[in-house]
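A: Please look over the sequence and the model shown below. The discussion will then take up individual features in turn.

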Amino acid sequence: ISLSQGLQEAIGKQFLKLGSDKLMVQAAGSGFGPPGTAVSIPLTTADKDTIEKVQGVDTVLGRLIRTVKLEFKDEVKYSYVVSLPEDTEERALAIEANSYEIASGRLLEKGDKYAVMIGNDFADDFFEEKLEIRDKVKIQNQEFKVVGVLKKSGNPQQDSAFVIPEDALREILSVKNEYDVIAVKIKSGEDLNNVAEDVKKELRSSRNVDKGKEDFSVETPQQILATLNTVLMIIEGVLIGIAAISLLVGGVGIMNTMYTAVLERTKEIGIMKAIGATNREVMSVFMIESGLLGLMGGVIGVILGLSISKSVELIAFQVYETQLIEANISVSLIVGALLFAFFVGAISGVFPAQQAAKLKPVDALRK
């Protein structure tokens, strides 16, 4: 649970970096994969022009994300390549939205044609030999020169990016007027949701589709984050379900332990009842004891759980250098786990405690 909550928090931080002044427009797809895959009617340059005319829109950035053949020193592989626009404002928006920072070399510049900027993971691990500045790599049989290697960001998508000029990507793939995703930056002071609705309205008109039957989607960062959070909550629910099985097994174990304790302490129960202890008091003693057994198990479980989740976080950071996999350890989670462990223990001790309370003093003392 701490790992799933940590992932949820880390993804939230990533969307905060994106900012609250941007929209994402995509064509409606029918399958899994990156933007632009399995779409019936793709986005076009005409859609970009339509969005630019909407009141409140500042900058509109169209990008292509395509699968290509990559060759480096007789090694052939396939991966995704992302376009970078020629326009200065659009290029600045792409760099800002993706937090592109250079580890070595330089960013792509206006006028670059057959140049490529690569993510840190691609530079180190994609080909058998490390890709470095000034190396030549073939993309769709066209030779490109590596001009920059991006800094490690911890974002797997960005760290595995091949970024080339838009004109070059259109040329090598013979793509004329399509876009796979369109990013929209709104003007300062404008309401993001109102602009999003206006963009939808204009796109419905230009693409000739009715409301509710859109072949595109316009999403704010908050909407995308809400969708991801829903998925994460489902994952968290599955984890809780798996943990519930362990709780059931643990509860049965506590019940057996307490039942044995009742049998072994029959004489002690007889003495308690002989000096005036009521059934309720005897029952309380055994229920509190079983609750404490559950609590001690909970303490051990919390220590183990936090140790393992922190270990996973450290290993993930060492291997992937990403902050997306981190343990979110909250006081409420720990206290809740301990109280729940006590509750499970106490409930598991109800039956044995009832058996103890029902014993008659005379019969108990004889044993």
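Q: In which sense do β5 and strand β10 pair, and over how many bridges?

A: Two strands count as paired if DSSP finds at least two bridges between them; helices (H or I, at least four residues) and strands (E, at least two) are DSSP runs, numbered from the N terminus. Here β5 and β10 (residues 162–165) are parallel, with 3 bridges. In this pair, Leu84 stands opposite Pro165 of β10. The model is a predicted one, in which local features need pLDDT of at least 70 and side-chain atom pairs count only at pLDDT 80 or more, while totals for chains, interfaces and linings use all residues. Residues are numbered from 1 along each chain as its sequence is written, and side-chain values use heavy atoms, with hydrogens and water left out.

Q: How confident is the prediction, and which elements have the lowest and the highest mean pLDDT?

A: pLDDT is the predictor's confidence in each residue, from 0 to 100. Where it is low, the predicted coordinates should not be read in detail. The protein averages 84, and 92% of the residues score at least 70.

Q: Which strands does β4 pair with?

A: Strand β4 (residues 65–72) pairs with β5 (residues 75–84) in the antiparallel sense, over 8 bridges. Their hairpin has 2 residues between the strands, and Lys73 takes a positive phi near 50 degrees there. Phe72 has Glu75 of β5 as its bridge partner, and Glu71 stands opposite Val76 in β5. Strand β4 is also joined by 2 bridges to β8 (residues 136–139), again antiparallel. In that pairing, Glu71 has Lys138 of β8 as its bridge partner.

Q: In what order do the strands of the open sheet of 4 strands lie?

A: The order is β3-β12-β1-β13, with antiparallel pairing. At the edges lie β3 (57–63) and β13 (216–219), each of which pairs on one side only. From one strand to the next the twist averages 20 degrees. Strand β3 is linked to β12 (residues 181–186) by 6 bridges, and Lys185 in β12 is the bridge partner of Thr59.

Q: Which helix packs on this sheet, and which strands does it touch?

A: Contact means heavy atoms within 4.5 Å, and angles run from 0 to 180 degrees between N-to-C directions, along axes fitted to C-alpha atoms, for helices over the stretch in contact. Helix α7 (residues 192–207) touches β1 (22–27), β3, β12 and β13, and its direction makes about 165 degrees with that of β13.

Q: What is the volume of the second largest pocket, and how many residues line it?

A: On a 1 Å grid over the protein atoms alone, a pocket is an open set of points where a 1.4 Å probe fits, with protein on both sides within 12 Å along at least five of seven lines; lining residues have an atom within 4 Å of a point. Points are joined across faces, edges and corners, and a volume is the space filled by probe spheres set on them. This pocket has a volume of about 1100 Å³ and 33 lining residues, of which Ile1, Ala243, Leu247, Gly301 and Ala337 lie nearest its centre. The elements giving two or more residues to the lining are α1 (2–18), α8 (221–264), α10 (279–320) and α11 (331–348). The largest share, 11 residues, comes from α10.
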